[in-house]
Amino acid sequence: MVGKNISRCLCSDSIIFFIVIGFVYTYGKGSDEQMTGDLMTLQRGKQVIAGLSKNTALLHTAGCALTGFFLAAASLNRDFQPIVMGFCCAVGSGWQGIAIALAGCAGYLTFWGTQAVQGLAWMIGGLLVGAFAADRGISTRQKLLIPALAALIVAGTGLVFQQYFHDTTSIPAYLLRIASAVGAAAVFQASRRYPGTASDWLAQALLVLALAQVMPVRFLGLGYLAAGYLAAVGGLPVVMLSGLALDLAQVTAIPMTAALCLGFCLRLIPGQSRWFAALCPALGFLPMGLLTGRVDLLPLPGLLLGGLFGCLLPGVTTAHRMVHRRGETAVAQVRLEQMSMIFGQLEESLLVEEPAMDRSAVMLRAVDAACDTCPERRACRARQEAAQMPPGILEQPGILGEDLPKGCRKQARLLQELHRGQEQVRRMKADRSRLEEYRNALREQFGYVSLYLQGLSDELAASRHFKPARFTPDVGMHTRSRQAVNGDLCSWFAGTGNTYYVLLCDGMGTGVEARRESEQASGFLTQLLKLGFPAEYALRTLNSMAVLREKGACTTVDLVKIQLDTGRAELYKWGAAPSFLLNKGQIRKIGTAVPPPGLSQRQRETVDRLSLNAGEVLILLSDGAGMQGLSGSQWEEDRLSPGEMAETILKGGEDSEDDATAVVVRLEPSGLSTQ
């Protein structure tokens with residue numbers, strides 16, 4: 001057994017205890033409070049480890065590390081697999097990802113020795129993927145991105161090791177590693193984002209597969225212990241998957257899938273006590289050994305102890321069940337999914353291919369219009385030659401008499417009609433381009449609404465828990481205008497969960513019209529963002545509306561999205577003036593100049609990711625503010641409030657005809673805001 005290499009340094013009680021912690025604190029959907037519900041519910045799991053530590057984040061990191069360590073022991077066909085690398089890819093950035101990578105490297109070296117050096121390369125690649133792709137919006141929209149990158153890592157390292165390190169892995173084993181990397185990344189990614197679903201069953205089966213190779217003491221395999229636990233308290237799907245994992249691990253000749261399913265059936269006998277369920281995994285295993293004629297008592301202690309462990313833990317009788325909502329919540333969830341499907345179908349229905357533009361018909365019409373008044377139109381050879389001219393001549397920048405057939409008595413009239421045909425083709429192309437722009441805008445909005453409704457349905461299926469806010473936003477603004485009405489409009493408001501938004505809209509020009517455009521854009525974006533609509537979708541919806549209304553370049557947008565639990569921020573800009581980041585007296589310019597929204601459906605916003613949790617100050621300026629007020633060393637001398645800083649910036653700038661607004665955003669630890 002591979003795990004016997006660590007039997008001298010680890011005792012069974014500590015292994016079992018920390019595996020429970022790892023199971024409870026491994027999965028989280030963007031929160032330390034939202035953990036997997038299939039091995040035990042979070043609140044009951046906290047009772048088991050109560051008093052060990054008050055730092056939940058530290059326990060989360062320790063659980064991820066321990067799970068990553070034991071996942072490195074997973075094998076198929078006696079060959080180590082990159083399952084822990086898929087887990088690292090799915091978890092994302094932060095200390096959890098680093099802990100998994102280090103623990104995975106230690107696990108490969110512990111369980112497999114020097115033959116698993118390739119696993120170290122896998123973990124480096126998995127850490128990079130998790131840091132740069134797992135928590136980004138693209139991985140949410142492109143759900144196959146993380147599994148594809150995991151497959152690329154395994155395939156690339158396999159080729160490098162075969163080429164330069166004389167790796168002797170066979171082609172089938174090589175392909176099996178790629179498949180296990182894809183599957184593990186997909187399973188752990190789905191389990192992390194959608195807890196309480198079937199992906200949790202698959203994730204637990206992968207854990208059983210890995211633990212099957214670990215035997216800290218003789219006659220106590222951790223894989224059997226975990227399978228016994230699941231068989232005593234879990235539903236039929238997770239019991240079957242756990243047995244299948246043991247069969248794939250090839251740790252015993254007895255078919256464990258059938259044995260655990262038989263134990264599950266024994267649990268269904270009515271009138272039995274809860275302690276009978278602890279014996280069911282072992283009671284199902286014994287007759288299966290007799291039926292197959294194979295004697296192997298090695299799994300028995302683990303199955304017994306795992307079943308007993310499951311009955312002793314509180315609150316696990318409802319585990320291993322998918323979330324099924326009843327009553328009004330279930331009806332709402334079904335309706336949201338149906339509406340999402342309908343909008344998705346509408347999006348697909350607009351993916352039509354327009355028929356080709358018939359330039360030949362325009363050419364023939366121009367020739368007929370020119371030759372109808374000619375007395376020799378019936379026997380004219382020039383007319384036949386004119387009708388056979390290539391339709392591409394209508395795309396030619398300028399048509400001259402030399403391009404027409406020789407001998408034509410109505411060259412001036414024919415040339416005039418061809419110019420009209422050219423103008424008609426240009427109008428047709430412009431109409432087609434405008435229609436395609438409108439159709440793409442509408443199709444894009446259908447897609448955004450479909451994704452938003454599906455996200456709402458998923459939130460109903462799994463209750464969301466958010467981390468407590470660690471920061472409080474401190475926002476200050478100062479503005480000036482030569483007109484009675486200011487065309488700049490700034491607002492800040494809370495979104496869903498721990499999100500907070502600061503929005504600055506600068507209407508083009510000054511006066512009432514500029515203010516009206518700012519109010520329309522600001523009100524539209526505010527409503528969407530407060531409902532939880534993704535920021536990038538909201539901005540692109542505003543752009544689409546401006547395109548459909550043919551009111552491009554009416555306003556510019558600065559949008560700051562802040563996570564109050566982490567202090568991270570995203571600055572979205574669309575046509576707005578550059579912004580600035582103040583850090584320890586040093587000012588850095590951020591943001592790229594792009595055209596304002598409404599000019600083209602193909603335009604996109606620019607995004608800059610910032611961190612405001614270390615004292616950085618974000619400064620937003622409208623077009624009329626300028627950056628002259630940012631010069632000087634006054635920022636190092638006094639710690640001004642955001643409102644005072646905004647006023648100082650405008651006073652130090654040039655006095656322009658355009659409206660000027662300065663907005664300063666700073667994060668304070670919760671309870672210490674200067675507002």
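Predicted model: local features only at pLDDT ≥ 70, side-chain atom pairs only at ≥ 80, totals over all residues.

Colleague: What share of the residues count as buried?

Modeller: Of the 675 residues in the protein chain, 49% are buried. The chain exposes about 31,600 Å², with 58% of that supplied by carbon and sulfur atoms. Among contacts between residues at least 6 apart in sequence, 73% join residues at least 24 apart.

Colleague: How do I check the span of a helix such as α17?

Modeller: Take 1.5 Å a residue: the 13 residues of α17, 359–371, should span 18 Å, and the end C-alpha atoms are 19 Å apart, which agrees.

Colleague: Which residues of α17 are buried?

Modeller: They are Val362, Met363, Ala366, Val367, Ala370 and Cys371. These residues cover an arc of only 155° around the axis, so they lie on the same side of α17.

Colleague: Now a loop, please. Where is Thr169 found?

Modeller: Look in the loop between α8 (145–164) and α9 (171–193).

Colleague: Why does Thr169 count as buried?

Modeller: Buried means under 20% relative accessible area. Thr169 has 15% relative accessibility, so Thr169 counts as buried.

Colleague: What does Thr169 touch?

Modeller: Leaving aside neighbours within four places in sequence, Thr169 is in contact with Gln162, Tyr174 and Arg177.

Terms used: Residues numbered from 1 in each chain as written. Heavy atoms only, no water. Helix = DSSP H or I, 4+ residues; strand = E, 2+ residues; numbered from the N terminus. Expected span 1.5 Å × (residues − 1). Buried < 20%, exposed > 50% of the residue type's maximum accessible area, 1.4 Å probe, protein only. Arc of directions from axis to C-beta. Contact = heavy atoms within 4.5 Å. Areas by Shrake-Rupley, 256 points an atom, 1.4 Å probe, with all protein chains shown as cover.
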